[in-house]
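Open the model in a viewer and keep the sequence panel at hand.

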There are 2 protein chains.
Amino acid sequence: MLTETKPIPGRTRILNAAVKLIRTKGYNATTVDDLCAEAGVTKGGFFHHFKSKDGLGVAAARHWTDITSPLFAGAPYHRPGRALDRVLAYLDFRRSIIGGELAEFTCLAGTLAQEVHTSHPEIAQAAGKSIAAHASTLVADIQSAMDESGRAFDFNAESLALHTQAVLQGGFIIAKSAGDPHHAEDAIDHLRRYVELLFKKPEE
Amino acid sequence: MLTETKPIPGRTRILNAAVKLIRTKGYNATTVDDLCAEAGVTKGGFFHHFKSKDGLGVAAARHWTDITSPLFAGAPYHRPGRALDRVLAYLDFRRSIIGGELAEFTCLAGTLAQEVHTSHPEIAQAAGKSIAAHASTLVADIQSAMDESGRAFDFNAESLALHTQAVLQGGFIIAKSAGDPHHAEDAIDHLRRYVELLFKKPEE
DNA sequence: TGACACATACCGACCAGTTGGTATGTTTAT
DNA sequence: ATAAACATACCAACTGGTCGGTATGTGTCA
């Protein structure tokens, strides 16, 4: 039996190129020619698949969700029995995937949203959806952890879920501003400590 | 006696225009012509004051420090007697200046660092210095709060100071991604709760 | 025999940066 | 005191290259 290596279609190669280049250089600094060269496609091919560069931007934001969703859905942090442990395991997982170059672990959606939030609202909206969708995957565990704790909180599960994303995004920015990926880990460490303190039982 | 209204020199007008436009549109999307129009200067005037657009980028990052330093130095959050209260007052101050358009309260340095960290390292470095310099103004109060608490912490004052900036930056990104400034306030609320929990005395 | 997935060649708009000035001080030499 | 020499702060017009986008093919497969 042959190993059927099906070729990756041009559209997907362009989207993967977009993820790589936009994470490294940003949206505006990434030219259509850059994308074509990286994807091994000509300009005609590019505009066959996307009606404009902005159209690609929107598609890239959605592609980002398509890439990351299965990564997190298949990650081992869903295994612990207690909800709080699953939340902490999520943070540990996020910390564990930090390594190597900044562009390899930073968030495309955050990068896009920051850069184009006024000039290209459609792209920003698609990026916002991607972040919100990922945050929403945490809500159930956070809500369960809140319920299991038997405590009262002056925030809701959605707010804390979104906050985890805020801290991650902020950690990436500090890492970029200092040129040191280590700072992204520090941000997660503080976030983990925050979650532990929130749910810590008074006696322990 | 005449009211001597000294005219703002072109160089300063260009720097102020840069802060406004880059915060709104980002660095790459802000053209030299945009800057000239906003500042009321011609292109020749621009390149008299700055040797290149990148040169302006570096100068704008430093200008950002020049603008923000006196703002924070003169703010009322330094007044409380207990160090912890000064730290919390700082966060309350940061929360209070959020309002209106996103471009009016977001951080130029964070925006710059995110966008140009690979393509224009000099600008990113200048932006990083601005963030680090601001964070360092918090270290003394945080250190005092740690000392006054009499507790042991597994992080140092510098780390927590930088983390406050990470959370702020992250809050801005979530706000931009959702198109809602309110999220920046949520991030600060969580950060304030974290600081309170860190320093809360066991008995209270 | 089309519909699809590309490629080649090209265009007009725009953009960073240059050129070659002018007007207004400020310093220096006599 | 004053003129020459220099410095600073701008301006209008231009240039060479780049960018997003288009027009028009060509090969392939159901």
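Which of the 17 residues around DNA strand C come nearest? Select Gly10(A), Thr42(A), Gly44(A), Gly45(A) and Thr31(B): these are the ones. Bear in mind throughout that the model is predicted.

**DNA strand C**

At least two residues of the surface near DNA strand C come from each of helix H1 (10-25) and H3 of chain A, and from each of helix H2 (32-39) and H3 of chain B. H3(A) has the largest share, four residues. Coloured by class, the surface near DNA strand C shows four nonpolar, eight polar and five charged residues.

**DNA strand D**

Move to DNA strand D, which has 17 residues around it. Those that come nearest are Thr31(A), Gly10(B), Gly44(B), Gly45(B) and His48(B). For the helices, select H2 (32-39) and H3 (43-49) in chain A, then H1 (10-25) and H3 (43-49) in chain B; each supplies at least two residues of the surface near DNA strand D. H3(B) gives the most, with four residues. The classes here are four nonpolar, eight polar and five charged.

**The two protein chains**

Next, select the contact between the chains: 41 residues from chain A and 41 residues from chain B. On the side of chain A that touches chain B, H1, H7 (108-116), H8 (121-149), H9 (157-178) and H10 (182-199) of chain A each supply at least two residues. H9(A) has the largest share of that side, 15 residues. By class, the side of chain A that touches chain B consists of 17 nonpolar, 20 polar and four charged residues.

**The nonpolar core**

Which residues have the most contacts inside the largest nonpolar core? They are Leu112(A) and Leu112(B), in a core of 110 residues. Zoom in on Leu112(B): beyond its neighbours within four places in sequence, it is in contact with Ile22(B), Tyr27(B), Gly57(B), Ala61(B), Ile123(B), Ala124(B) and Ala127(B).

**Helix H1 of chain B**

Ile22(B) is one of the buried residues of H1(B), as are Ile14(B), Leu15(B), Ala17(B), Ala18(B), Leu21(B), Arg23(B) and Lys25(B). The buried residues of this helix pack against H2, H3, H4 (53-73), H6 (102-105) and H7 (108-116) of chain B.

Is Lys25(B) buried or exposed? Lys25(B) counts as buried because 20 other C-beta atoms lie within 10 Å, and 20 is enough to meet the cut-off. Apart from neighbours within four places in sequence, its contacts are Thr118(A), Ser119(A) and Thr30(B). Ser119(B), by comparison, is 94 residues from Lys25(B) in sequence and 17 Å away in space, C-alpha to C-alpha.

End at Gly26(B), which follows H1(B) and has a positive phi, near 90°.

Conventions. Residues numbered from 1 in each chain as written. Chains lettered and ligands numbered in written order. Predicted model: local features only at pLDDT ≥ 70, side-chain atom pairs only at ≥ 80, totals over all residues. Near = placed C-beta within 6 Å. Nonpolar A, V, L, I, M, F, W, Y, C, P; charged D, E, K, R; others polar. Core = buried A, V, L, I, M, F, W, Y, C linked by C-beta atoms within 7 Å. Buried ≥ 20, exposed ≤ 12 C-beta atoms within 10 Å, placed from the backbone. Contact = placed C-beta atoms within 7 Å.
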